[in-house]
Amino acid sequence: DAAAARQERKAAAVIQEEADRLYRQKDFVAALSLYDALLTRYPEADAGHYARYRVGTYYESVGQPAQAAEAFAALSAERPESRWANEARTSLPGALFRAGRQEEAVAAWKQLAEAAASREERGCGYYNAGVLALSRGRTHYPEAIGCLQAAVKQGANTVYASCARDL
């Protein structure tokens with residue numbers, strides 16, 4: 001019933017607030033324990049999705065980008081409609097890059113660009129994919145140029161288009 005659902009959301013919010021407080025205080029073990037409780041107790045709810053995302057950000061913060069990428073990819077795949085899955089998709093390319101998985105990072109930036117709702121987001125995705133492809137060396141220049149041209153075209157009149165033209 002509606003009252004029980006409100007109580008559940010309120011209980012999840014209390015746990016989430018406490019986990020976030022502990023996380024800010026860098027008590028990661030305690031925070032992760034509470035995020036795990038949210039995942040276990042509310043796997044289908046927004047609080048569970050948020051907890052999965054925070055686990056990924058934790059791994060990023062302690063220099064474990066491969067684990068962060070796994071957490072972000074899992075959330076994106078399991079709950080693609082979640083607002084936290086959107087955050088995870090945005091965080092995924094950087095985690096992949098830092099994990100040494102550059103080809104996957106370029107692909108993730110391109111996917112973000114292709115799915116983007118605004119010119120700014122499309123330009124950002126293609127620009128970042130292009131810069132990353134450039135950093136991979138000469139053999140990736142054609143891909144980089146294609147991405148940078150897409151940043152100019154798709155992100156017209158944005159800072160990303162301007163920066164892509166400068167490259």
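Reply: Happy to! A nonpolar core is a set of buried Ala, Val, Leu, Ile, Met, Phe, Trp, Tyr and Cys residues joined through side-chain atoms within 4.5 Å. Please keep in mind that this is a predicted model.

Me: With that meaning, how many residues does the largest nonpolar core have, and which have the most contacts inside it?

Reply: The largest nonpolar core has 37 residues, and Tyr35, Leu38 and Phe72 have the most contacts inside it. The elements that give two or more residues to this core are helix 1, helix 2, helix 3, helix 4, helix 5, helix 6, helix 7 and helix 8. There is also a second, separate core of seven residues, including Tyr126 and Leu148. As background, in soluble globular proteins nonpolar side chains tend to be buried together.

Me: What does Phe72 touch, leaving out residues up to four places away in sequence?

Reply: Phe72 touches Tyr53, Gly56, Thr57, Glu60, Ala88, Ser91, Leu92 and Ala95.

Me: Why is Ala31 called buried?

Reply: Ala31 has a relative accessibility of 0%. Buried means under 20%, so Ala31 counts as buried. Ala31 sits in helix 2, residues 28-41. Setting aside residues up to four places away in sequence, Ala31 touches Ala19, Leu22 and Tyr23.

Me: And Asp20, why does that count as buried?

Reply: Here the value is 15% relative accessibility. The cut-off is under 20%, so Asp20 counts as buried. Asp20 belongs to helix 1, residues 2-24. Apart from neighbours within four places in sequence, Asp20 is in contact with Tyr35, Tyr50 and Arg54.

Me: How do you know that Arg52 and Glu78 form a salt bridge?

Reply: Compare the distance with the limit. The side chains of Arg52 and Glu78 meet at 3.3 Å, N to O. A salt bridge needs a side-chain nitrogen of Lys or Arg within 4 Å of a carboxyl oxygen of Asp or Glu, so this pair qualifies as a salt bridge. The pair links distant parts of the chain, with Arg52 in helix 3 and Glu78 in helix 4, 26 residues apart. The structure holds nine salt bridges.

Me: Why are Arg52 and Glu78 called partly exposed?

Reply: Partly exposed is the range between the buried limit of 20% and the exposed limit of 50%. Arg52 has a relative accessible area of 23%, so Arg52 is partly exposed. Glu78 is at 44%, so Glu78 is partly exposed too.

Me: What makes Glu143 and Lys110 a salt bridge?

Reply: Their closest N and O atoms are 2.9 Å apart. With the limit being within 4 Å, the pair of Glu143 and Lys110 counts as a salt bridge. Glu143 lies in helix 8 and Lys110 in helix 6, so the pair ties together parts that are 33 residues apart in sequence. Glu143 is partly exposed at 27%, and Lys110 is partly exposed at 25%.

Me: Why are helix 7 and helix 9 called roughly parallel?

Reply: Helix 7 and helix 9 (residues 159-166) pack at an angle of about 30°, with their axes 8 Å apart. Angles under 35 degrees count as roughly parallel, so helix 7 is roughly parallel to helix 9. On the helix 7 side, the contact is made by Glu120, Gly123, Cys124 and Tyr127. Helix 9 brings Val159, Tyr160, Cys163 and Ala164. By class, this contact has six nonpolar, one polar and one charged residues.

Me: Why do Lys26 and Asn157 count as exposed?

Reply: Exposed means over 50%. Lys26 has 61% relative accessibility, so Lys26 counts as exposed. Asn157 is at 80%, so Asn157 counts as exposed as well.

Notes. Residues numbered from 1 in each chain as written. Predicted model: local features only at pLDDT ≥ 70, side-chain atom pairs only at ≥ 80, totals over all residues. Heavy atoms only, no water. Helix = DSSP H or I, 4+ residues; strand = E, 2+ residues; numbered from the N terminus. Buried < 20%, exposed > 50% of the residue type's maximum accessible area, 1.4 Å probe, protein only. Contact = heavy atoms within 4.5 Å. Axes fitted to C-alpha atoms, helices over the stretch in contact; angles between N-to-C directions. Parallel < 35°, antiparallel > 145°, perpendicular 65-115°, else oblique. Nonpolar A, V, L, I, M, F, W, Y, C, P; charged D, E, K, R; others polar.
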